[in-house]
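Student: I have a structure to go through with you. Please take me through it by question and answer.

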Amino acid sequence: MSSLDSSIKANQYQFYGLVILRVLIGWHFLYEGISKLINPYWSSAAYLLDSKWIFSGLAKTIVSNPTLLTISDYANMWGLTIIGASLLLGLFSKYGSLFGMGFVLSYYLFAPPLLGLEYGKPNEGSYLIVNKNLIEACALWVLYAFPTSHILGLDRFFLNHKNN
């Protein structure tokens with residue numbers, strides 16, 4: 001166990017706070033993925049068509065090509081589900097954190113909360129620059145930087161960690 005690991009484990013509030021954060025984000029991703037998997041009418045098309053800013057052209061290209069749209073749909077459904085399970089179970093959670101960051105940052109870049117951008121889909125709040133996607137990406141970065149799954153998670157059983 002590295003000195004960082006022992007420091008995190010020694011501070012029980014910090015350690016369990018990070019574990020709870022990992023589990024909550026894992027649950028969020030898993031639920032989002034499964035809800036899309038079981039809904040035969042779900043598609044990423046509506047979200048992509050509402051895209052603004054630098055990726056709006058890419059979004060329209062994806063929606064206009066049935067193959068690309070199918071890839072986008074399956075990547076979202078299965079990506080969210082697998083990342084969620086990874087974080088929830090603490091299995092390969094450093095990778096889950098990285099891929100999760102990629103997902104929520106792409107959602108952020110396709111629909112950033114910037115002045116002058118109007119979206120057809122109603123928001124659950126009023127945002128300017130910072131929204132839940134950016135916050136979740138930062139939380140995933142914290143989980144990547146301070147992993148807990150090798151102490152409390154399935155990584156404990158499957159990954160070989162060297163003691164320092």
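Tutor: Helices (H or I, at least four residues) and strands (E, at least two) are DSSP runs, numbered from the N terminus. This is a predicted model, where local features need pLDDT of at least 70, side-chain atom pairs count only at pLDDT 80 or more, and totals for chains, interfaces and linings use all residues. Residues are numbered from 1 along each chain as its sequence is written, and side-chain values use heavy atoms, with hydrogens and water left out.

Student: Where is Trp53 found?
Tutor: Trp53 has a positive phi of about 80° although it is not a glycine. Most residues other than glycine have a negative phi. Trp53 is found in the loop between helix H3 (45-49) and helix H4 (56-64).

Student: Is Ile129 buried or exposed, or partly exposed?
Tutor: Ile129 also has a positive phi, about 75°, and is not a glycine. This residue is found in the loop between H6 and H7. Buried means under 20% relative accessible area, exposed over 50%, and partly exposed in between (1.4 Å probe, protein chains only). At 46% relative accessibility, Ile129 counts as partly exposed.

Student: How many helices and strands are there in the protein?
Tutor: Read along the sequence, the pattern is α-α-α-α-α-α-α-α. The count is eight helices and zero strands.

Student: Among contacts between residues at least 6 apart in sequence, what percentage join residues at least 24 apart?
Tutor: Contact means heavy atoms within 4.5 Å. Among contacts between residues at least 6 apart in sequence, the share joining residues at least 24 apart is 74%.

Student: What is the nearest side chain of opposite charge to Glu136?
Tutor: Glu136 lies in helix H7. Not counting residues up to four places away in sequence, Glu136 touches Ile25, His28, Phe29 and Val104. A salt bridge is a side-chain nitrogen of Lys or Arg within 4 Å of a carboxyl oxygen of Asp or Glu. Glu136 is buried yet has no salt bridge, and the nearest side chain of opposite charge (Lys and Arg count as positive and Asp and Glu as negative; His and the chain ends are not counted), 7.5 Å away, is Lys132.

Student: What is the N to O distance in the salt bridge of Lys36 and Glu32?
Tutor: Both residues lie in helix H2, four residues apart, about one turn of the helix. Lys36 is buried at 13% relative accessible area, whereas Glu32 is partly exposed at 28%. Their side chains meet in a salt bridge, N to O, at 2.9 Å.

Student: Which residue forms a salt bridge with Lys52?
Tutor: A search of the whole structure finds two salt bridges. Lys52 is partly exposed, with a relative accessible area of 24%. The closest N and O atoms are 3.5 Å apart, and the partner is Asp50.
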